[in-house]
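Here is a friendly briefing to read alongside your model. Take a moment with the sequence and the structure, then follow the topics below.

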Amino acid sequence: MKEVWDLYDAKGNKTGYTLVRGRPIPEGCYHLVVSVWIINNRGEYLLSQRHPDKPYPLRWECTGGAVLSGEDSLGGALREVNEELGIILNPKDGQRISRICREQTRDLYDVWVFYKDVDISDITLQETEVVDVKWVTDEELIKMERKGELHPLLANNVTKKTFLWRKSMRNS
């Protein structure tokens, strides 16, 4: 089945148009993409390792993907985590912490945070997407970035230290 996306303007308003994945995105239009940071009670991040047949093979990332037509950002975040890791998140536990309009990739990139303790043995990997998962600390995340083990999007966030929002959120 073909993946269909709703198209948005740069301010995040639906245009009323849809697009089949793989077709060129019209000028002035964007599709919605999400990344989901899952953080446990020890302050560790749940990372997943990309399948070797995907772009950036075997790199580590937080779960995410394209939001499908008819979904909103939160719905897309919940679905992606459930599909790729078999984890059911409570929508009330999520907080969207940023939205970036990325011209180069023609998307609106939303970053979500959920706090949830998950036992690695309870995770069910989507075999075509993910080959492994692990919990990592701030320090381990920085080391992975320095070694080139992270997906470039995640590595860019680590380099900018944008993951430190976690500390400020926990203290508020």
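A residue counts as buried when its relative accessible area is under 20%, and as exposed when that area is over 50%. Please keep in mind that this is a predicted model. By that cut-off Glu44 is buried, because its relative accessible area is 15%.

**Salt bridges**

- Twelve salt bridges are found in the structure.
- Arg42 itself is exposed, at a relative accessible area of 59%.
- Glu129 and Lys54 also join their side chains in a salt bridge, at 2.5 Å from N to O.
- This pair ties together distant parts of the chain, 75 residues apart: Glu129 sits in the loop between E8 and strand E9 (130-136), and Lys54 in the loop between strand E4 (45-50) and strand E5 (60-61).
- Glu129 is partly exposed at 22% relative accessibility, while Lys54 is buried at 19%.
- A further salt bridge brings the side chains of Glu103 and Arg106 together, at 3.1 Å from N to O.
- Here Glu103 is partly exposed, with 46% relative accessibility, and Arg106 is buried, with 13%.
- Salt bridges also link Glu71, Arg79, Glu80 and Glu83 into a network.

**Strand E8 and its partners**

- Strand E8 (residues 107-115) has eight of its nine residues buried, so the rest of the structure largely encloses this strand.
- E3 and E8 run parallel and are joined by nine bridges.
- Within the structure, Val33 stands opposite Tyr109 of E8.
- Strand E7 (residues 94-102) pairs with E8 in the antiparallel sense, over eight bridges.
- Arg99 is found opposite Asp110 of E8.
- Four residues lie between the strands in the hairpin of E7 and E8, where Arg106 adopts a positive phi near 55 degrees.
- That Arg106 is the residue that meets Glu103 in a salt bridge.

**His31 in strand E3**

- His31 belongs to strand E3, which covers residues 31-39.
- Is His31 buried or exposed? His31 is buried, because its relative accessible area is 7%.
- Setting aside residues up to four places away in sequence, His31 touches Trp5, Asp6, Leu7, Tyr8, Ile25, Ala66, Thr105, Arg106, Asp107 and Leu108.

**Nonpolar cores**

- The largest nonpolar core is made of 22 residues.
- Val36, Ile38, Leu46, Leu85, Ile87, Leu89 and Ile123 are the residues with the most contacts inside this core.
- E3, helix H1 (73-85), E8 and E9 each provide at least two residues of this core.
- Leu85 makes contact with Leu46, Ser48, Thr63, Glu80, Ile123, Thr124, Leu125, Val130 and Val133, leaving aside neighbours within four places in sequence.
- Another core, of 16 residues, lies apart from the largest one; Val33, Val111, Leu141 and Met144 are among its residues.

**Helix H2**

- Which residues of helix H2 (residues 138-146) are buried? They are Asp138, Leu141 and Met144.
- These three lie on the same side of H2, because they cover an arc of only 125 degrees around the axis.
- On the face of H2 turned away from the buried side are the exposed residues Glu139, Lys143 and Arg146.

**Cysteines**

- A disulfide is a covalent bond between the sulfur atoms of two cysteines.
- How many disulfides does the structure hold? The structure has zero disulfides.
- The closest cysteine sulfur to that of Cys29 is in Cys101, and at 11 Å the two are too far apart for a bond.
- Cys62 is in no disulfide either, as its nearest cysteine sulfur, again that of Cys101, is 19 Å away.
- Cys29 is buried, with a relative accessible area of 11%, and Cys62 is buried as well, with 6%.

Notes. Residues are numbered from 1 along each chain as its sequence is written. This is a predicted model: local features need pLDDT of at least 70, side-chain atom pairs count only at pLDDT 80 or more; totals for chains, interfaces and linings use all residues. Side-chain values use heavy atoms; hydrogens and water are left out. Buried means under 20% relative accessible area, exposed over 50%, partly exposed in between (1.4 Å probe, protein chains only). The arc is that of the directions from the helix axis to the C-beta atoms. Contact means heavy atoms within 4.5 Å. A disulfide is a pair of cysteine sulfur atoms within 2.5 Å. Two strands pair if DSSP finds at least two bridges between them. A salt bridge is a side-chain nitrogen of Lys or Arg within 4 Å of a carboxyl oxygen of Asp or Glu. A nonpolar core is a set of buried Ala, Val, Leu, Ile, Met, Phe, Trp, Tyr and Cys residues joined through side-chain atoms within 4.5 Å.
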